[in-house]
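The following exercises concern the structure shown below. Each sets a task and then works through the solution step by step.

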Amino acid sequence: MVVKLELRNVTKSYGKTKVINDLSISIEAGEFFVVLGPSGTGKSTLLKLIVGIEQPDSGKILIDGKDVTRLPPNKRNLAMVFQNYALYPNMTVYQNIAFPLKMHRIRNIPEKVRSIADKLNIGEILSKKVTQISGGQQQRVALARAIVRNPTLFLLDEPLSNLDARVRYSARGELKKLQQDLHQTFVFVTHDQKEAEALGDRVGVLHQGTFEQISSYNDLYNDPKTPWIGDFVGDYPMNFVGSKGFRPEWVELGQGEYKLEIDSSENVGGIYFIHGKTDDGESLILKADRRYKIGEQIRFSISKFKQFEASV
Ligand SMILES: Nc1ncnc2c1ncn2[C@@H]1O[C@H](COP(=O)(O)OP(=O)(O)OP(=O)(O)O)[C@@H](O)[C@H]1O
Ligand SMILES: [Mg+2]
């Protein structure tokens, strides 16, 4: 079974702070949906509401059309991998994975644990304590523990954030493959843009308690709905001149109606990015094919831009 997830006008406050504000979303069955947003924007809160460990102040949560808003977490058949994995430190890998099966008095536990451990490449370390394995392995154990009960909805809260860059890269690929193998619905929280780009069928950008834009990562980058999205998405923020937004690479250097005085240049993998100011004092970052000297003035034209309604 593959399930659809809907949130309708969900609001959640902690004290006077409205963390989630009238948020609605419909996530398709089998979709890999990424929630992207800066720290403290309510990403974990959103997952806790879906999983049922927090209750919304108002609004509804539906799984496959069924209202689960007041159901306890164990009646929702979903799995959550927490930001810090929340593994049981005194238990072995095997005991950690077996734990939810024991809790629910499920039969054939050894076979089930073995099968999921093999799938995630941790079959060799089942007898180790979780404190004695690497971060990447811990992440797989947390995933295995979540998957072992065959949930129909996966909620993953920055599960790769503790891994170093290399491991993270391969873990990302494995996770995408796993989702395709399981053919289940995933909601994946991250503040990492590369992860959002690599994993998300759609990416929802959380800002001020709601999704400011929901689209492919490509559209977030090339066609941001608001200046805030343009600024937040991308390795570099979008540049703004008046109500025109443009990416560092959407320019031609050498001649044109605009002038930039260079503050600094940086070289990123053979590509140069120059930082500078226009005559009007706007700070811009442009892509270039060579280094420029500090204080040098260059002219440029904008070859493509995104028109926003008001001047930014
Ligand atoms: N139990 C709580 N009681 C009071 N305030 C809370 C509680 N949990 C979260 N908050 C507040 O709600 C806001 C959103 O927190 P949340 O953990 O959802 O953010 P996040 O987007 O997951 O951040 P991060 O990327 O740092 O994990 C924060 O301002 C946080 O301080
Ligand atoms: Mg969080």
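**Exercise 1. Helix α3 and the residue that follows**

Just after α3, Asn121 takes a positive phi of about 65 degrees. Helices (H or I, at least four residues) and strands (E, at least two) are DSSP runs, numbered from the N terminus. The model is a predicted one, in which local features need pLDDT of at least 70 and side-chain atom pairs count only at pLDDT 80 or more, while totals for chains, interfaces and linings use all residues. Residues are numbered from 1 along each chain as its sequence is written, and chains are lettered from A and ligands numbered from 1 in the order in which they are written.

Task: state which residues of α3 are buried and which helices they pack against.

Solution.
- Step 1. A residue is buried if 20 or more other C-beta atoms lie within 10 Å of its own, exposed if 12 or fewer, and partly exposed in between, with C-beta atoms placed from the backbone.
- Step 2. In helix α3 (residues 109-119), Val113, Ile116 and Ala117 are the buried residues. Viewed down the axis of α3, these buried residues fall within an arc of 100 degrees, so they line one face of the helix; the arc is that of the directions from the helix axis to the C-beta atoms.
- Step 3. The packing partners of the buried residues of α3 are α2 (93-103) and α4 (135-147), where a contact requires C-beta atoms, placed from the backbone, within 7 Å.

**Exercise 2. Positive phi in a loop**

Task: determine where Arg105 is found and whether Asn108 is buried or exposed.

Solution.
- Step 1. Most residues other than glycine have a negative phi, and most peptide bonds are trans.
- Step 2. Arg105 is not a glycine, yet has a positive phi of about 50 degrees. Arg105 lies in the loop between α2 and α3, and is exposed, with 7 other C-beta atoms within 10 Å.
- Step 3. Asn108, also not a glycine, has a positive phi of about 55 degrees. The loop between α2 and α3 holds Asn108, which is exposed, with 10 other C-beta atoms within 10 Å.

**Exercise 3. Strand β8 and its partners**

Task: describe how β8 is covered and which way it runs relative to β3 and β7.

Solution.
- Step 1. Six of the six residues of strand β8 (residues 185-190) are buried. On one side these are Thr185, Val187 and Val189, and on the other Phe186, Phe188 and Thr190, so that both faces are covered.
- Step 2. Two strands pair if DSSP finds at least two bridges between them. Strand β3 (residues 32-36) runs parallel to β8 and is joined to it by five bridges; Val35 stands opposite Val189.
- Step 3. Strand β7 (residues 153-157) likewise pairs with β8 in the parallel sense, over five bridges, and Phe154 stands opposite Phe186. Between β7 and β8 the chain passes through helix α5 (residues 165-182) in a right-handed β-α-β crossover: with the strands pointing away from the viewer, the path from the first strand over the helix to the second runs clockwise.

**Exercise 4. The shell around ligand 1 and helix α1**

Task: identify which helix gives the most to the shell around ligand 1, and describe its buried side.

Solution.
- Step 1. A residue is near a molecule if its C-beta atom, placed from the backbone, lies within 6 Å of it. The residues that surround ligand 1 include Tyr14, Gly37, Lys43, Ser44, Thr45, Gln83 and His191.
- Step 2. The shell has two nonpolar, nine polar and one charged residues. Here Ala, Val, Leu, Ile, Met, Phe, Trp, Tyr, Cys and Pro count as nonpolar, Asp, Glu, Lys and Arg as charged, and the others, Gly among them, as polar.
- Step 3. Helix α1 (residues 43-51) contributes the most, with three residues.
- Step 4. In α1 the buried residues are Lys43, Leu46, Leu47, Leu49 and Ile50. These cover an arc of only 155 degrees around the axis, which puts them on the same side of α1.
- Step 5. Gly52 follows α1 and has a positive phi, near 105 degrees.

Key:
Two residues are in contact if their C-beta atoms, placed from the backbone, lie within 7 Å.
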